[in-house]
Amino acid sequence: MTIQNNDRLVYEAMPTRPLVTWPEGKTVAVWHAPNVEHYDYVAPGGGSPQGRTRYPDPQHYMHRDNGNRTAFWRLLRAVDKYEIPSTVSLSLSVLEEIPEVRDAMAERDWEIMSHGISNLRPLYDMPYDDEDRFYELSQKLSETYYGGKRIKGMLGPKISGTDNTSDLMVKHGMTYHADWIHDEQPRPIRTEGAGKLVSIPYSYMLNDVPLLLAKHYPGSYFVAMAKAQIDRLLRDADEDGQGRVACIATHPFVTGQPYMQRYIEEIFDYLRSDDRLWVTTAGDISDHYLENSYDEQLAHAEVIAAAREASA
């Protein structure tokens with residue numbers, strides 16, 4: 001069966017869906033996604049970290065390289081202080097090229113979510129066989145350098161993909177894709193075979209790069225947004241019984257700056273202050289959804305869609 005991209009999504013409005021619930025009566029699942037990225041100083045095919053100038057682009061390359069040299073370690077202290085499970089959105093070349101960062105993540109049992117090989121090597125327009133080899137290499141890098149573990153999910157490099165991405169992710173054993181941010185719960189993504197793939201709610205809004213780097217909001221605004229987002233999700237979940245998901249997306253070269261430490265600690269402290277929050281990883285959220293809600297939600301949505309089509 002060939003899946004057209006317009007058919008991959010499953011629509012059903014939140015109020016009519018079968019309930020999604022989280023373990024131990026938690027109502028909002030929260031995952032922290034530090035983006036530990038690698039940028040080629042001179043990227044294959046060109047491109048620069050910021051796009052303001054042609055490569056080489058020392059200004060923006062060095063800003064991002066700072067993330068893996070100093071800022072990562074400061075962010076790590078905040079993660080350790082509040083024991084925050086983390087799902088690292090990782091440029092996989094870091095596993096081979098920066099063993100100090102790799103080993104620090106492994107010691108803390110961070111879950112790896114692929115963010116490509118380098119954040120300057122997008123998947124746009126990649127031929128099928130080349131993309132197939134990309135996933136094969138991605139899993140091999142993780143198995144070789146990260147304790148034999150296989151990667152469950154991906155946030156595409158530069159949030160990029162092709163018509164084949166969903167099917168190839170499943171072929172290579174992945175179960176969640178963070179590029180699709182269309183919902184507050186994981187949702188089924190249809191694929192060609194029997195393998196199951198779900199979207200996992202990442203965030204392009206509650207994200208330090210657009211907020212702090214692009215729009216120059218202060219760190220206090222990042223804290224206020226995080227609290228407001230999660231407060232509202234908790235209230236909505238209490239009212240309708242639907243478990244929801246929030247993501248705190250960080251980048252060491254932004255949130256790991258010295259002036260940001262007090263703010264990220266304030267967010268983590270908040271996450272540890274409410275027993276209704278399930279502070280966990282993207283993989284655990286996806287696994288729980290696949291085991292407990294995927295089949296029921298997909299079947300119910302297809303009944304709704306069939307009824308809608310019959311009445312059209």
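The UniProt annotation "domain: NodB homology", taken from an unreviewed entry, covers residues 62–176 of this predicted model.

**Alanine 71**

- Alanine 71 is found in helix α1, which runs over residues 58–82, and it counts as buried because its relative accessibility is 0%, where the cut-off for a buried residue is under 20%.
- Leaving aside the neighbours within four places in sequence, alanine 71 is in contact with Asn66, Pro252, Phe253, Gly256 and Gln257.
- Although alanine 71 and proline 258 are 187 residues apart in sequence, their C-alpha atoms are 7.8 Å apart in space.

**Helix α7**

- Helix α7 takes in residues 219–240, 22 residues in total, and reaches 32 Å from its first C-alpha to its last, close to the 32 Å expected at 1.5 Å a residue.
- The buried residues of α7 are Gly219, Phe222, Val223, Ala226, Ile230, Leu233, Leu234 and Ala237, and because they cover an arc of only 110 degrees around the axis, they lie on the same side of α7.
- An α-helix has 3.6 residues a turn, so residues three or four places apart point the same way.
- The elements that cover the buried residues of α7 include β1 (28–36), α6 (208–214), β8 (244–250), α8 (252–255), α9 (261–271) and β9 (277–280).
- After α7 comes glycine 241, whose phi is positive, near 80 degrees.

Definitions and conventions. Residues numbered from 1 in each chain as written. Predicted model: local features only at pLDDT ≥ 70, side-chain atom pairs only at ≥ 80, totals over all residues. Heavy atoms only, no water. Helix = DSSP H or I, 4+ residues; strand = E, 2+ residues; numbered from the N terminus. Expected span 1.5 Å × (residues − 1). Buried < 20%, exposed > 50% of the residue type's maximum accessible area, 1.4 Å probe, protein only. Arc of directions from axis to C-beta. Contact = heavy atoms within 4.5 Å. UniProt positions renumbered as here; feature names shortened; annotations may be inferred.
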